[in-house]
Amino acid sequence: DGHCIWYGQCGPGPQGILNCYYDGPAKRIVDQPHGDEALAKLKEFCPNLYEGNDTRTCCDYNQIVALTTQTNVPQQFFSRCPSCWFNFRDVFCTSTCHPRQSLFMDVVKPAHGCGPNVTKCQISEVDFRVGEDYANRVYNSCAYVQFPSGEERVVGTMCGSNTAQTCKPADFFG
């Protein structure tokens, strides 16, 4: 069936705010704090996860706000191609909020301080499994999107040390 591996944010880590470990079922979003606002943001930003007032997710309002904020720069690059932007955004919506995260994500490394009697435990690393076909489709939808100011392709900035010419789907998701 699948379940959540996180829910909510627990506090700062070396690279930003860390999510809280949660091993349980997805929560009905409208029943949570700021539920109506969270549902509206989710509907707009992650339409594939929206199921009306009964929408259940593994993310809370703060995680949805962080998701939309943290993707501002890629949105500027990829929104020139609507299918690319939709697919790129869907990767992050799915990893952040999908109600059955455990089917494709595992907690690799909880942060320090996790153990018995700890109510909020931060996750510092996850393993996110992406199928080859899905990775290829997302990558191919974005592979030829160019920066507005020139001939350079955007994927070159998303592939670490690789250039747009040497970038492959695995690098794009790496």
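Some ground rules: residues are numbered from 1 along each chain as its sequence is written, and side-chain values use heavy atoms, with hydrogens and water left out. Because the model is predicted, local features need pLDDT of at least 70 and side-chain atom pairs count only at pLDDT 80 or more, while totals for chains, interfaces and linings use all residues.

**Pockets and the cavity**

Grid points are joined across faces, edges and corners, and a volume is the space filled by probe spheres set on the points. For the lining classes, Ala, Val, Leu, Ile, Met, Phe, Trp, Tyr, Cys and Pro count as nonpolar, Asp, Glu, Lys and Arg as charged, and the others, Gly among them, as polar.

| Space | Volume | Lining classes |
|---|---|---|
| Largest pocket | about 1,200 Å³ | 16 nonpolar, eleven polar, three charged |
| Second largest pocket | about 230 Å³ | four nonpolar, four polar, five charged |
| Largest cavity | about 30 Å³ | five nonpolar, one polar, two charged |

The largest pocket has 30 lining residues, and W6, Q70, F92, S95 and V126 are the ones nearest its centre.

For the second largest pocket the lining comes to 13 residues, with A26, E51, R56, P99 and R100 nearest the centre.

With a threshold of 30 Å³ or more, the cavity count is one. F45, C46, P47, N48, F86, R89, D90 and C93 line the largest cavity, and α4 gives the largest share of that lining, four residues.

**Helix α2 and Q63**

Burial goes by relative accessible area with a 1.4 Å probe on protein chains only: buried is under 20%, exposed is over 50%, and partly exposed is in between. On that scale, α2 buries Y61, Q63, I64, A66, L67 and T68. Their cover includes β1, β2, α1 (35-45), α3 (72-78) and α4, where contact means heavy atoms within 4.5 Å.

At the start of α2, a side-chain oxygen of D60 comes within 3.2 Å of the backbone nitrogen of N62. That pair is a polar contact, meaning N or O atoms within 3.5 Å; within protein, one must be able to donate a hydrogen and the other to accept it, and residues adjacent in sequence count only if both atoms are side-chain atoms.

Leaving aside residues up to four places away in sequence, Q63 touches W6, Y7, G8, Q9, N19, C58 and T96.

**Helix α5**

In α5 (residues 132-142), A135, V138, Y139, S141 and C142 are buried. Viewed down the helix axis, the buried residues of α5 fall within an arc of 165°, so they line one face of the helix; the arc is that of the directions from the axis to the C-beta atoms. The other side of α5 has E132, D133 and N140 exposed. The buried residues of α5 pack against α3, α4, α6 (155-158) and α7.

**A few single residues**

Q122 sits in the loop between β5 (105-110) and β6 (123-128). Is Q122 buried or exposed? Q122 is buried, at a relative accessible area of 17%, and a polar atom of its side chain lies 3.4 Å from the backbone oxygen of G11.

H34, in the loop between β3 (27-28) and α1, has a phi near 60°, a positive value in a residue other than glycine. H34 is partly exposed, with a relative accessible area of 49%.

N72 belongs to helix α3 and is partly exposed as well, at 37% relative accessible area.

Definitions and conventions. Helices (H or I, at least four residues) and strands (E, at least two) are DSSP runs, numbered from the N terminus. On a 1 Å grid over the protein atoms alone, a cavity is a set of points where a 1.4 Å probe fits but cannot get out, and a pocket is an open set with protein on both sides within 12 Å along at least five of seven lines; lining residues have an atom within 4 Å of a point.
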